[in-house]
Amino acid sequence: MRDSAGDPKSILTVDTDITQKKQLEEQFFRTQRLESLGTLAGGIAHDLNNILTPILAAAQLLQGKCFQDEELSRQLLTLIESNAKRGAALVKQVLSFARGYKGEPTIIQVQYLISEIIQIAKQTFPKSIEFSTVIPEGIWAIAGDTTQLHQVLTNLLVNARDALPDGGNINISVENKFIDEAYTRMNLDAKVGHYIVITVADNGIGIPPEILDRIFEPFFTTKEVNTGTGLGLSTVLGIMRSHDGFIKVSSNVGRGSKFDLFLPAVEATPVFKIEDLDVLPGQGELILVVDDEAQIREIATIILENHNYKILTASNGIEAIALYAQHKHQINAVLMDLMMPEMDGITAIRTLRKMSNQLQIIACSGLNSMDVFTQAADVNVQVILSKPYTARELLNTLHHLFRG
């Protein structure tokens with residue numbers, strides 16, 4: 001602000017508290033996620049049953065006569081492992097989707113994002129609906145929240161399914177696109193730069209022109225009562241904006257609809273997976289394994305003893321503290337489950353920290369929520385290992401802990 005002579009005399013600032021708005025927005029997203037989960041529940045149950053069937057059958061065969069057949073046993077064990085990984089991945093996806101866990105934006109390869117969504121949709125949607133994808137080589141990466149982008153694609157696929165009451169085709173395609181200044185002048189939501197364009201198209205009933213302008217309004221729906229809240233597309237729009245993206249829609253009644261999702265591209269870095277590391281043995285370190293599940297203690301013991309580690313086991317926090325007090329100078333690290341009866345992992349870790357602030361602790365949890373990560377960070381845990389973990393993940397986590 002300037003005085004009568006034109007000289008600066010003060011600065012005027014206007015602040016708006018948007019805390020409540022952000023809280024309402026998060027509730028809004030959560031309500032819509034739960035609606036989508038309800039829609040997909042039957043398909044998720046179907047998919048899980050398909051995963052569990054070969055596991056159960058193979059386990060029974062391994063206990064029978066074919067256990068003598070080494071080649072068949074190897075095939076069955078591979079089948080059990082691959083299906084267990086599929087089941088674990090599905091459960092993690094459902095948990096993160098329902099809770100809306102929001103981590104730091106990560107680099108995402110869209111082809112993997114799309115393949116996961118289509119896998120669930122194929123198990124969920126009527127068999128009269130066919131899927132096709134066009135994903136050329138050299139597609140750029142994007143940065144964002146995987147859970148929220150899953151939600152965007154799920155919403156669009158569910159809407160496409162509803163537009164195909166008698167069956168039809170849903171196509172998802174991806175392309176790289178550079179948006180120049182001329183384009184931005186015609187679309188105020190766009191900025192100059194490189195984008196990934198994900199297109200979800202169907203050949204269904206289409207959207208009438210008089211409705212097309214309203215589809216992103218909260219609570220606007222053309223579905224029957226009790227079949228939709230009208231939150232889907234408004235949630236999609238909110239998530240896209242939070243990712244600095246935008247949407248273009250086109251539709252012809254009787255011929256189908258097309259949604260183009262524009263997301264800013266980023267320079268991808270090679271995806272580093274712990275599975276790519278060599279399995280490295282220990283050097284005789286003593287590990288205290290704490291878990292209330294006897295089978296988890298048993299498999300962890302087998303893995304570690306077969307890779308040159310020594311093991312002590314405890315079934316709860318109280319036992320863990322007693323064992324650590326007895327073997328304090330020999331124990332090199334503790335593998336601690338966080339959800340246990342009698343004394344939970346967090347309480348046990350706090351007690352162990354009072355006994356030794358230098359103790360190396362790996363926390364294990366099957367609930368990959370923000371609360372778990374926050375609690376673990378509060379008690380100075382070195383590593384969090386998500387359940388179910390593989391032998392390779394456990395061994396490489398310990399190797400990194402001891403030898404960097």
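**Salt bridges and a helix**

Author: In this predicted model, the side chains of Arg185 and Glu181 meet in a salt bridge, with 3.1 Å from N to O.

Reader: What makes the contact of Arg185 and Glu181 a salt bridge?

Author: The definition asks for a side-chain nitrogen of Lys or Arg within 4 Å of a carboxyl oxygen of Asp or Glu; the pair of Arg185 and Glu181 has its N and O 3.1 Å apart, and therefore the name applies. The two residues are 4 apart in helix α5 (residues 181-186), which means that about one helical turn separates them.

Reader: Why is Arg185 called exposed, and what is Glu181 called?

Author: Exposed means over 50% relative accessible area, and Arg185, at 65%, is therefore exposed. Glu181 has 47%, so that residue counts as partly exposed.

Reader: Which parts does the pair of Arg403 and Glu285 tie together?

Author: Arg403 forms a salt bridge with Glu285, the closest N and O atoms being 2.9 Å apart. Arg403 lies in helix α12 (residues 391-403), while Glu285 lies in the loop between β7 (256-266) and β8, so the pair ties together parts that are 118 residues apart in sequence.

Reader: How do you know whether Glu285 is buried or exposed?

Author: Buried means under 20% relative accessible area, and because Glu285 has 9%, this residue counts as buried.

Reader: Why is Arg161 called buried?

Author: Arg161, found in helix α4 (residues 146-162), has a relative accessible area of 19%, and the cut-off is under 20%, so Arg161 is buried. Arg161 also forms a salt bridge with Asp162, the closest N and O atoms being 2.9 Å apart, and Asp162, at 32%, counts as partly exposed.

Reader: How many salt bridges are there in the whole structure?

Author: A search of the whole structure finds 4 salt bridges.

Reader: Which residues of helix α9 are buried, and what puts them on the same side?

Author: In α9 (residues 317-326) the buried residues are Gly317, Ala320, Ile321, Leu323 and Tyr324. They cover an arc of only 165 degrees around the axis, and therefore they lie on the same side of α9. What covers them includes β8 (286-290), β9 (310-314), β10 (331-337) and α10 (345-355).

Reader: Which residue caps the N-terminal end of α9?

Author: Asn316 caps that end, with a side-chain oxygen 3.0 Å from the backbone nitrogen of Ile318.

How values were computed. Residues are numbered from 1 along each chain as its sequence is written. This is a predicted model: local features need pLDDT of at least 70, side-chain atom pairs count only at pLDDT 80 or more; totals for chains, interfaces and linings use all residues. Side-chain values use heavy atoms; hydrogens and water are left out. Buried means under 20% relative accessible area, exposed over 50%, partly exposed in between (1.4 Å probe, protein chains only). The arc is that of the directions from the helix axis to the C-beta atoms. Contact means heavy atoms within 4.5 Å. A polar contact is a pair of N or O atoms within 3.5 Å; within protein, one must be able to donate a hydrogen and the other to accept it, and residues adjacent in sequence count only if both atoms are side-chain atoms.
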